[in-house]
Structure formats: C-alpha cells, structure tokens
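Student: I would like to learn how to read a few features of a protein model, with the general idea given before each case. Could we go through them one at a time?

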Amino acid sequence: MNYKKIENKWQKYWEDNDLHKFDPKNIDRKHYVLEMFSYPSGANLHIGHWWNFGLSDSYARFKKMQGYEVFQPMGFDSFGLPAENYAIKTGIHPKDSTYQNIATMERQIKEMGLMIDWSAEIITSDPSYYRWTQWLFLQLYKHELAYQKDAPVNWCPSCNTVIANEQVQNGECERCHNIVERRNMTQWFFKITNYAEELLNDLEKLDWPEKTKIMQTNWIGKSVGGEIEFDTESGHSFRVFTTRADTLPGLSFVVLAPEHPLVDVITTPEQKQVVQEYKKQALMTSEIDRLSTAKEKSGVFTGAYAISPLDNKRVPVFIADYVLYTYGTGAVMGVPAHDERDFVFAQKYNLPITRVIKSADGSPDELPYTEYGVMTGSGMFDGLTSEEGQLKVIEYLRKINKGEQKVNYRLRDWSVSRQRFWGCPIPIIHCQDCGAVPVPEDQLPVELPYDVNFTPDGQSPLKRHEAYINVKCPACNKDAKRDPDTLDTFVCSSWYFLRYPNASNDKAAFDKEFTNKIMPVDKYIGGSEHAVGHLLYSRFIVKALRDMGYLDFDEPFLSLVHQGMILGPDGYRMSKSRGNTINPDDYIRVYGSDIFRLYLAFGFNYIDGGPWSDEGIRAMVRFSERVDRIVQKYKDCQTETDSKVYNDAEKELDFVTHNTIKEVRADYQSFSFNTAMARIMELVNAIYKYDSLPEADQGFAKGAIITLIKLLAPLAPHLCEEWYEMLGNKPSIFSQSFPEYDESKLVKDKVEIAVQINGKLRGAVVTPSKASQEQIKQIVFQNPQIAKYLEGKTPKKVIVIPRRIVNIVL
C-alpha cells in the first residue's frame, strides 16, 4: 500500500468537506474533547505529542461515530521562558522563533490526520488572545481577587524570575532544575485561597483519577483546629494554629518562622547576631527543603519568652526554618511529649518534655505519644478524651479572648508576577498620586514592544524600555509607569478552554450563552504533572468567573485522563544524552501515520505507557496488510445483505463480531486502546477462519468486514476511509454510526466446558448452552476421552457449573 498517497487523499477530502468543523446547530449533542495545551518547541513533534494527540483523536473519532457533535480544537501555549532563553542564547527574537515553530507544528499536526477544528485555533502570544487574558486580570482586580503585596517568593537565580510554589519541585525550579531561593519582592497575587473550601469539596463531582484528586486535596491541605493567642513578656502578641489544643498543657516552647515580623521586635540584643545569621541561612533554603522530614531540625533562641494563656506558664520563643510564615500564622507551639518533631527539637535544645496525654486503653504509650488518648496532668481538663479536650480547651480560651475555632488551609495565594519579557503584560499603571490604576478596557491589549533588550538582570526587561514603561495615568493624566512585569504563563492557560469556542469573537473573551452550552469540557487529556498547577488554577478561574456572573457552571473539566509515558527501547526515559530517543518522522516517512498510531494503540496501556519496540511497528504493518488482503478479496462482492445462509459457522462469526463490538465500545470509552486492538485482531482471525470454509457466504463475510473497518476506523482513519470506499461505500466512514451489538447474538447455542478429574484437567466437552446439569453429566460420561480416566470407577462427587466446568471426584 502507498500509505502516504492514501493519507494525502483523505486529508484533502476531510479539509475540502469541512468534516472536522464543529456545527453549533448540533450543540445539544456536543462533546468537547481537549488535549492539554501544547508548547511550540523548536524541534519536530516528538513521541509525547503523538502519544497525547493521536489516541485522544481516536477517542474523539469514536464519539463522532456515536453521533456526538465533537469539538476538538488546537492551539499553542506560546508565551514562556524557553523561547526567551533561546533568544538570549541565539539572538533570535522570541516572537520570531515562536511563530516559526508554530508553523512547523501546525503542518506536522495536520499530517497526523487529526480531527481538529482549525477554525478555532488560538495562540496565547497573539494580541487577539492576550487582550482577553488582560481583561481577565482586570475582572479579578475589580472583584478584589487580584492584589499586590510585598511577600517572600520563590526566586530562580538561573531563570532570573519568580516562580509559583507549584513550579518548585524538590527545592528546584521545574524548568532548569537549579536550586530555588526565597526573596522578598512586590508581586501580584490571585486570591485562590478564597475558593479553598469549594475547590476541595467539588472534587467529589469530578470523573478524575483518584490520585490526582488526592494530590489536590493534599495541596489545598484543610486542617480543622483552633487558633491560640500568646503574649510575650515584652507586651507583644502572636497567634498559633493547632489541631491538637488538647496538648496545650504540655507546652514547652513556641517557634516563630524566621520571616515573622515579630522576630526582629522581640529578639534580645544578646541574641540579635545569631538570629540574623540564622534568618539569612533560612532565606537561602527552599520551602520544600525546610519542610523535609529528612532534614535535621534546627533553631535559634530569640532571648524572648511567651506566656501560655492556659496556665500562665513562661516558655522560650525560638525561630526555626521548619516553620513557614506563608503557612498558617507563621508560628507553632512546641509540645514535645506528643509530637515527633517537637520531641527531637526539645531533646536537641534540652527543653522540658511533659506528658499530658496517656493511652485510653492501657496500650503502650511511650513518648513521643502522638495518638489520641486521655488528658492527664492538665488540671481542670484531666480525664477528658483528646476529642473532648480539643473543644473544651478552645472554648475556655474563647471565653477569655485568647482563642477560637479555626479552619486552616495549606493552599497559598497564586503568585502571578514574572520578571521576564516573553509573557502577557500586566494591564496596570502605577501613579504616584492614584496608586495602581487599571488600564481602561477599551485600551486593551497592552501590547509587548518588539525592540526590547531581554537579557535578564533580575528585573523585568520591560522596565528598561522607556517608550513602553512611561505613560500617562488614565485617572489623573499625570506621568506614570506601566507595571514592568508579565503574567505567569499559567494565567494564559487557566482559561484557554473558554476561548476555543469563541476564537473568532472580537467583542468579548467569550459569549456567555454559547459558552454555557458547549462547556464544560467533556474529556480532558494530559499529563499528571499539572495536578496542582494548571488543573487547580483553571478550576479557580471558572469558579471566579461564575461568581462574577460570566458563567453558569462550576468546573472546567468533567472527565480527566492522564496518559502514561513512552520510554526508550532500553526502558529508560527518552533523552538525547542516553541516545534512546525515537523520532516519529523516521517511521511515518516509511509506514505512514496510521501504522504509527496503531502501534501506539496496541503496544502500550495508555495510562501506563512502556518501552518502545521496533518489532511492534512491523507487527502493525503485517496486521494492516492482512486486513487489506481480505478487503481486496471482497471489494467487488455485491451481496452484503442478501445472505439467506445462517448455520453454525455464521453463528460463530456473528458471536465474535458482536462480542468485539461490545468490548471495543467499552475499551474506546475507557481509553483501553491496547485491548481494543487485541479484540479487533481476534475478529480478523475469525473472518479469515470463516473465509476459509468452502461453504462461506460472501455477503455474510462482507458484512463482517465492513463492521471490522468501522471498529478500526478511530485507530486507522486514513486506511479505513480507503477500505470503506473500496468496499463500495461513499465516504466518509466517520459519517457512519459506530456498530451496535445485538445481545441475542452473544448467546451461543453450544458451549465448550472443561472437565477436571481429581483436580486435574482431563479434557473438554461441547454441550447445548441451555443443557441441564443432568444432561451435562450424561454428555461427560459418554465422552470416550473422559471415560478412559474414570477406569470404570463410580465418582464420589460430580460438581457441575453450567457453561464453565465439571469437577469429578473419584
């Protein structure tokens, strides 16, 4: 077969006939299929693109054949550090390299033969898109969900920019893998914490992988407890959040985060130098490392003392880097008898360890005892269970204005300022008299200038562009300056799914009525690495826009699928340094895109991935040639539906055909493409077996072949269009309905039943499918092969499981 010729023919047909374009008139049958945004890299499409796009497209084609009006758009998440870093290295402007890469990827994606509606294409670095990203920023600002403050942030010294907590992995920048530092900087934040509880609760609504929902649950990190106010001897106060107020009587010390503003105020002159040195050291350590359970706990005494509000106990105030100012209140209480970390800390610094909880049932309770139990050595609270004590202690503190019930979250507000050039400009103007002033919406977009020196120096390159940065204040018309930073690229991708259906709308970011009909996304496909980044941000933006009145739904992605990873032939992750990368183009030039897609479908579990094998490609070539031979043999047969013959051979082929339909429908729905392919191969075998019979009916066989081609079409769209046409049908096969199975065809007249004697398999017998147990026994004992094992003995017991097995005990 000339694979390339076939692909060119059908890609032209699809394009000429607008077969992939979404028809809004059928929106009541919509099915929105979306692959996660692609970044336009400089190289050709790699195996990951094929793995994500190719089989997601197979799912989309399946849904189209099921009668859905499928919307499957494509676009490019084109702002970001890679293009800017490439520009710094080569001198090629980020805009030039980005759009050149986009043109290459567009061509390659089209050559894949995907069912993409290109009329909905979006590019985040295009002013027609980021105009509306800026509009989104302004709506958040108007509704007090965007704010600016001086705060400790993650700073990557290699990328020379701030990165979000979600972009720090094991203390390193996820892009360049350099160690991340902590710095205080003025930044813009989105108030995602306002939605912490709803983001947590609504996970139950979603058809998402359980692991991803757990990751978001842990990242949001809800804790229910109490907040307790401590006074210092110097007259200042601070608050501590705890989930174990029942352990407060065992207090030995309190710890403040090194960044806590009270530290400099209460530190005594004698301790000032050592405290400052420790603060500087903590600033150079990432939050991930500071929270690591493997890291040795360290701290420094401030010289100050605090007073317990419960019993006026005087306890020392330390600072320690395992306490973060950005989490909770930035202060914790130390109860070493009932907390493992506090126990280690107290032993290291020779602090008192006082038991106040004992086992309730007499079980071992060596210190540190961290389980719930019964309060002891706790004065008025003695004898209370931990659960009772938590409530009673906080209630007592509430009465003396020193405590209250509190819910705390690990989730922090989203830092969105970036000190780089290639990003969406922040639409704020800073005026000495008016403060931060939003750019009027009719002046959007604020466009990036082209002539910028983007060599990083720790500040935004836009700050050095006089013509861009210096403007008049929209409120008072005095001299003012634009915000020099650009937005985190996750802002661009936090709402792109809303823009796809509205890509040609130049009046609004999206039309509310139409968007409410086509959203949410029905099936979202992409990597699990975005669990606490993009997926969380997108959920927040949708909920915020809903509360503003722009949307009527709560969640962007109803169902989520994570694809696994294709490894190199050696079983390791593909990398140039290992020399184990696979270039899809090398195979597609020889075998075409359908063969490549078939191998991806058959060779791997989509959720798990696995190592590459060239032999798998060759197996798919042999499979396609086998299908082609049977199609060629029957292409001139005109008696597809005229058969009057229906004997055992036809019943058997019907059984395999309808069982395959049933199983493949379920497999496609669950992204189990490998098992779908295995079942389709079994059907091919069954068709060949039937075809080999002298009495085979051509019309009956052709009907099974056409069903086969329809079942295979989502995985080999070009070849199946060609075969379908060969068999005398008008294109397109994707305008046809996906085969339905007939339950009555799945009931066999006869079944084969295994026979065991004393636990050993001794043979099998064929019985009528509705035979009674007595009839089955009679058939078994009359079978010569079974009889020779009985040796004339009378069985002690015969156990019959109809349609499955007979067990004989001698």
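Student: Which residues is Ser308 in contact with, leaving aside its neighbours within four places in sequence?

Tutor: Contact means heavy atoms within 4.5 Å, and by that criterion Ser308 is in contact with Phe230, Leu248, Leu251 and Lys313. This is a predicted model, in which local features need pLDDT of at least 70 and side-chain atom pairs count only at pLDDT 80 or more, while totals for chains, interfaces and linings use all residues. Residues are numbered from 1 along each chain as its sequence is written, and side-chain values use heavy atoms, with hydrogens and water left out.

Student: Is Ser308 buried or exposed, and where does it lie?

Tutor: Buried means under 20% relative accessible area, exposed over 50%, and partly exposed in between, with a 1.4 Å probe and protein chains only. Ser308 has 1% relative accessibility and so counts as buried; it lies in the loop between β13 (300-307) and β14 (314-319), where strands are DSSP runs of E, at least two residues long, and helices are runs of H or I, at least four, both numbered from the N terminus.

Student: How should I read the strands around β5?

Tutor: Strands of a sheet pair through backbone hydrogen bonds, either parallel or antiparallel. Here two strands pair if DSSP finds at least two bridges between them, and four strands form an open sheet in the order β6-β5-β9-β19, with antiparallel pairing. β6 and β19 (414-415) stand at the edges with a single partner strand each, so one side of each has no neighbour in the sheet. Between β5 (residues 146-156) and β9 (residues 181-190) there are 10 bridges, with Gln148 opposite Trp188, whereas β5 and β6 (residues 161-163) share three. The latter two strands form a hairpin with four residues between them, and Asn160 in its turn has a positive phi of about 55°.

Student: What links Glu197 to Lys222?

Tutor: Side chains of opposite charge can pair when their charged atoms come close. A salt bridge is a side-chain nitrogen of Lys or Arg within 4 Å of a carboxyl oxygen of Asp or Glu, and Glu197 forms one with Lys222, the closest N and O atoms being 2.8 Å apart. Glu197 lies in helix α6 (residues 196-201) and Lys222 in strand β10 (residues 222-232), so the pair ties together parts 25 residues apart in sequence. Glu197 is partly exposed at 27% relative accessible area, and Lys222 is partly exposed at 36%.

Student: How many salt bridges does the structure hold?

Tutor: The structure holds 49 salt bridges.
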